[in-house]
Amino acid sequence: LRGEVLLRQERPVDAEAVLRAAIAALPRDAGAVPHAVWLLAAALDAQGRDAEAEALRAEYDLERE
């Protein structure tokens, strides 16, 4: 939730750090992981790191919305 709030506050660098930590702490099959990864990809997009965001979406089989 904190990562999402930071992203909405237009703080993608801070959101990235929080979301990466959350994803690392969760089991890969946890229900919250797809949403956290989607938010992380959005944070990367907001930083102009589109290729990293696309690679992350591909790794987790997520669509760009």
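A helix, as the word is used in this talk, is a DSSP run of at least four residues, and helices are numbered from the N terminus. The structure before you is a predicted model.

Just after α4, Asp61 adopts a positive phi of about 55 degrees.

I turn now to the chain as a whole. What does its secondary structure come to? The protein chain has four helices and zero strands, and along the sequence these give the pattern α-α-α-α. Taken along the principal axes, the box filled by the C-alpha atoms is roughly 30 × 25 × 15 Å.

Next, the interior and the surface. Of the 65 residues in the protein chain, 34% are buried. The accessible surface amounts to about 4,200 Å², and carbon and sulfur atoms account for 53% of that surface. As to contacts between residues at least 6 apart in sequence, 44% of them join residues at least 24 apart.

Let us return to α4, which spans residues 50-59. Which of its residues are buried? They are Ala53, Leu56 and Arg57. Why do these residues share one side of α4? They cover an arc of only 100 degrees around the axis, and this places them on the same side of the helix. The packing partner of these buried residues is α3, residues 33-46. On the face turned away from the buried side, α4 carries the exposed residues Ala51 and Ala58.

Glu16 belongs to α2, which covers residues 12-25. Is Glu16 buried or exposed? Its relative accessibility is 11%; because buried means under 20%, Glu16 counts as buried. Which residues does Glu16 touch, leaving aside its neighbours within four places in sequence? Glu16 is in contact with Leu40, Ala43, Leu44, Gln47 and Arg49.

To close, I would ask you to keep two places in view on the model. One is α4, whose buried residues pack against α3; the other is Glu16 of α2, with its contacts including Leu40 and Arg49. Thank you for your attention.

Note on methods
Residues are numbered from 1 along each chain as its sequence is written. This is a predicted model: local features need pLDDT of at least 70, side-chain atom pairs count only at pLDDT 80 or more; totals for chains, interfaces and linings use all residues. Side-chain values use heavy atoms; hydrogens and water are left out. Buried means under 20% relative accessible area, exposed over 50%, partly exposed in between (1.4 Å probe, protein chains only). Helices (H or I, at least four residues) and strands (E, at least two) are DSSP runs, numbered from the N terminus. The arc is that of the directions from the helix axis to the C-beta atoms. Contact means heavy atoms within 4.5 Å. Accessible areas come from the Shrake-Rupley method with a 1.4 Å probe; for residues, only the protein chains shown count as cover.
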